[in-house]
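I opened a new model today and kept notes as I went. Here is what I looked up.

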Amino acid sequence: MAATLCSACATTKNTCPLGSNLATSHSPDGKAEYCTSSGATQVPPPARKYDATLKLAVPAASSRGVEGPYTLWYANGALQSHGAYVDEGARSVPDGVWGFWYPNGKRRTMGTYRRGVPEGCFVTWDADGTRHTGIVEGDTLHVKACEPPSDDVLLAAEGHVSLYDQAPAWADVSVQVLAGGGRYGARNAEQIDRDPGLRTSVALGARFRTGRFRFGPTGSLRLADNFDYSSYGAGGAFAIGLPTFHPRFDNEISVELGVRHINATAARPMQFGTDNLAFWDPIGAAQLGTAMLLTPNVALLVAARVEGSPTRAVERDVNYCDLTVGCFPTKHE
């Protein structure tokens with residue numbers, strides 16, 4: 001069975017993307033911590049230019065190889081800026097939501113950058129704390145009421161500790177809703193519904209992370225398209241993280257093995273009555289997915305999934321019963 005899957009996932013931390021490592025630099029102006037790949041040739045400039053036209057703090061570009069979270073502190077230890085870089089050709093540029101602060105710790109600017117270019121609604125604070133919003137159009141910030149990025153980004157950055165003090169993401173939990181084609185796993189040529197199909201599936205998972213590897217238990221509930229079949233299952237999943245093109249995304253391939261308990265309603269043509277049957281069935285699945293980080297702790301997953309079970313022949317003694325005429329002799333099917 002192949003399908004597209006969406007999932008809400010929660011992770012414990014947002015760390016350097018795969019293929020990059022934590023780096024740090026110190027200068028008389030403060031300290032910077034960032035993620036770098038083997039292609040980096042120099043440290044991102046710790047200074048930021050404040051464009052007189054935009055009156056915004058503009059993150060400086062860097063040589064290629066800086067990718068992922070970037071945090072800068074003033075010499076007094078106050079947070080100066082926080083955001084993320086992404087590679088673009090021969091250089092690394094700011095991408096996503098960035099926040100900036102005054103040396104006294106008060107907020108200064110927050111807005112979104114796309115491949116190094118400010119866009120959309122920005123919010124700025126004067127030195128006395130007066131708040132302003134505006135829309136960036138070209139080289140001009142037009143003062144205008146608008147909705148800037150959520151304060152959650154600033155709150156998360158203001159609670160930010162040294163990346164050296166952060167433990168890597170060690171666990172995640174997920175709720176997955178699956179809809180797609182494919183057979184349910186219970187078929188009988190003598191039944192009215194010979195080969196029921198899957199209508200929907202809801203799965204829960206919790207996984208531990210060790211570097212690129214993730215593993216943990218899973219549970220699921222499945223319903224067939226005719227509602228005469230349902231099942232609940234349990235198993236375990238193992239996944240390997242894949243290289244990603246952006247720090248907001250997390251790619252992985254996973255396999256899952258488990259068992260499920262199927263409840264089936266037997267109903268034959270020209271046969272009065274039905275019977276309720278139950279049996280266990282092994283199941284396996286493979287999945288290739290991409291998770292997009294929505295907040296520091298919540299991600300949306302889109303995946304292609306194939307699942308099925310080994311071909312098995314299970315025989316049962318079926319006792320068809322009807323409320324009006326009673327039960328009929330047992331049939332071996």
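**Ground rules.** I am working with a predicted model, where local features need pLDDT of at least 70, side-chain atom pairs count only at pLDDT 80 or more, and totals for chains, interfaces and linings use all residues. Residues are numbered from 1 along each chain as its sequence is written, and side-chain values use heavy atoms, with hydrogens and water left out.

**Cores.** I looked for nonpolar cores (sets of buried Ala, Val, Leu, Ile, Met, Phe, Trp, Tyr and Cys residues joined through side-chain atoms within 4.5 Å). Buried means under 20% relative accessible area, exposed over 50%, and partly exposed in between, with a 1.4 Å probe and protein chains only. The largest core has twelve residues, including Ala-23, Tyr-34, Tyr-70, Tyr-85 and Trp-98. Strand 3 (30–36), strand 7 (66–74) and strand 10 (96–101) each give two or more residues to this core. Strand 7 gives the largest share, three residues. Strands here are DSSP runs (E, at least two residues), numbered from the N terminus. I also found a second, separate core of nine residues, with Leu-178 and Ile-262 among them.

**Aromatic rings.** Rings of Phe, Tyr and Trp (its six-membered ring) pair if their centres lie within 6.5 Å; planes under 30 degrees apart count as stacked, over 60 as edge-to-face and the rest as tilted. I searched the whole structure and got nine pairs. Tyr-70 and Tyr-85 have ring centres 5.3 Å apart and planes at 80°, so they are edge-to-face. Tyr-70 lies in strand 7 and Tyr-85 in strand 8 (residues 79–88), so this pair ties together parts 15 residues apart in sequence. Both Tyr-70 and Tyr-85 are buried. Tyr-232 and Trp-280 are also edge-to-face, at 6.5 Å and 85°. Tyr-232 is partly exposed at 45% relative accessibility. Trp-280 is exposed at 52%.

**Gln-287.** Is Gln-287 buried or exposed? Gln-287 has 6% relative accessibility, so I count this residue as buried. I placed Gln-287 in strand 20 (residues 275–295). Its side chain makes a polar contact of 2.9 Å with that of Arg-305. For a polar contact, I need a pair of N or O atoms within 3.5 Å; within protein, one must be able to donate a hydrogen and the other to accept it, and residues adjacent in sequence count only if both atoms are side-chain atoms.

**Arg-268.** I found Arg-268 in the loop between strand 19 (249–266) and strand 20.

Key:
Helices (H or I, at least four residues) and strands (E, at least two) are DSSP runs, numbered from the N terminus.
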